[in-house]
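Hi everyone, thanks for coming.

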Amino acid sequence: MTEPILKHVCQVFYDSHFGTAIRESDNSFSIIESVHVLAITLLVGTISILDLRMLGLVLCEIPVTRIARAVFPFTWAGFGVMFVSGFLLFWAEAAKNYVNPAFRVKVILLLLVGLNPLLFHTSVYRRVTEWEHEHRSPWRARAAALASLTLWSGVIVAGRAIAYF
């Protein structure tokens, strides 16, 4: 029941004047895609700094909360631009993306990558003051960092694979 509704919504986006304008423009799609890639770079780059710190691989002498405070504004800016540009790219190719297996994998990975920090910030990060000065973070923080790096890598690979399906 849900699938035909989703398919219809995707077709409406695809057939819209705005979606067609993006898709058929000489430059719009390429510019939006470039902005999307740069935003992902900002987002994943800042997240990776914090993840690598929690894994004990970089910046071990700096407290986790200090790094988080420094990168989070950039993380959120990257997320906002990535979300808007990604939605515009989806809008332009919604009907094609609906049946694209790489796009479906990307959406699932995005849901999981969104769940990861939610779980992290409502559990182990609540006690960050107890462990943030340690070179080695608790196993749950390291597991969240490893999951984050893995999931974001998957999102990037799946996103790139969309063009090939």
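**Starting from one histidine**

Let's begin with His-36, which sits in helix H3. Keep in mind as we go that this is a predicted model. Is His-36 buried or exposed? Its relative accessibility is 9%, and buried means under 20%, so His-36 counts as buried. And what does His-36 touch, if we leave out residues up to four places away in sequence? The list is Met-82, Ser-85, Gly-86, Leu-89 and Lys-106.

Now let's step back for the overall picture. Along the principal axes, the C-alpha atoms fill a box of roughly 55 × 35 × 25 Å. There are 165 residues in the protein, and buried ones make up 38% of them. If you take the contacts with a separation of 6 or more, 77% of them join residues 24 or more positions apart.

Back to H3, then, and its packing partners. Take helix H4, residues 64-92: the axes of H3 and H4 come within 7 Å and cross at roughly 150 degrees. Angles over 145 degrees count as roughly antiparallel, and H3 and H4 are therefore roughly antiparallel to each other. The crossing of H3 past H4 is left-handed. Sorted by class, the residues of this contact come out as 23 nonpolar, 6 polar and 2 charged.

The next partner is helix H8, residues 139-161. Here the axes of H3, residues 28-54, and H8 come within 9 Å, with a crossing angle of roughly 155 degrees. That makes this pair roughly antiparallel too. H3 passes H8 in a left-handed crossing. On the H3 side, the contact includes Ile-40, Leu-43, Val-44 and Ile-47, and on the H8 side it includes Ala-145, Leu-149, Trp-152 and Ile-156. The class count for H3 with H8 is 11 nonpolar, 2 polar and 2 charged residues.

H4 has another contact to show you, with helix H2, residues 17-24. Their axes lie 8 Å apart, and the packing angle is about 95 degrees. That makes H2 roughly perpendicular to H4. Phe-18, Gly-19, Ile-22 and Arg-23 in H2 meet Leu-88, Trp-91 and Ala-92 in H4. This contact divides into 5 nonpolar residues, 1 polar and 1 charged.

Let me finish with the cores. As a general point, nonpolar side chains in soluble globular proteins tend to be buried together. Which residues touch the most other members of the largest nonpolar core here? Out of its 15 residues, they are Leu-50, Met-54, Val-64, Phe-120, Tyr-125, Trp-131 and Ala-141. H3, H4, helix H7 (128-131) and H8 are the elements giving two or more residues to this core. H4 gives the most, with 4 residues.

Leaving out residues up to four places away in sequence, Trp-131 touches Met-54, Val-64, Phe-120, Val-124, Tyr-125, Ser-137, Pro-138 and Ala-141. Apart from that core lies another one, of 12 residues, with Ile-40, Val-44, Met-82 and Val-155 among them. You've met Met-82 already, by the way: it was on the list of residues that His-36 touches.

That's my tour; over to you for questions.

Methods. Residues are numbered from 1 along each chain as its sequence is written. This is a predicted model: local features need pLDDT of at least 70, side-chain atom pairs count only at pLDDT 80 or more; totals for chains, interfaces and linings use all residues. Side-chain values use heavy atoms; hydrogens and water are left out. Axes are lines fitted to C-alpha atoms, for helices over the stretch in contact, and angles run from 0 to 180 degrees between N-to-C directions. Angles under 35 degrees count as roughly parallel, over 145 as roughly antiparallel, 65 to 115 as roughly perpendicular and the rest as oblique. A crossing is left-handed if the near helix is turned anticlockwise from the far one by less than a right angle, and right-handed if clockwise. Contact means heavy atoms within 4.5 Å. Ala, Val, Leu, Ile, Met, Phe, Trp, Tyr, Cys and Pro count as nonpolar, Asp, Glu, Lys and Arg as charged, and the others, Gly among them, as polar. A nonpolar core is a set of buried Ala, Val, Leu, Ile, Met, Phe, Trp, Tyr and Cys residues joined through side-chain atoms within 4.5 Å. Buried means under 20% relative accessible area, exposed over 50%, partly exposed in between (1.4 Å probe, protein chains only).
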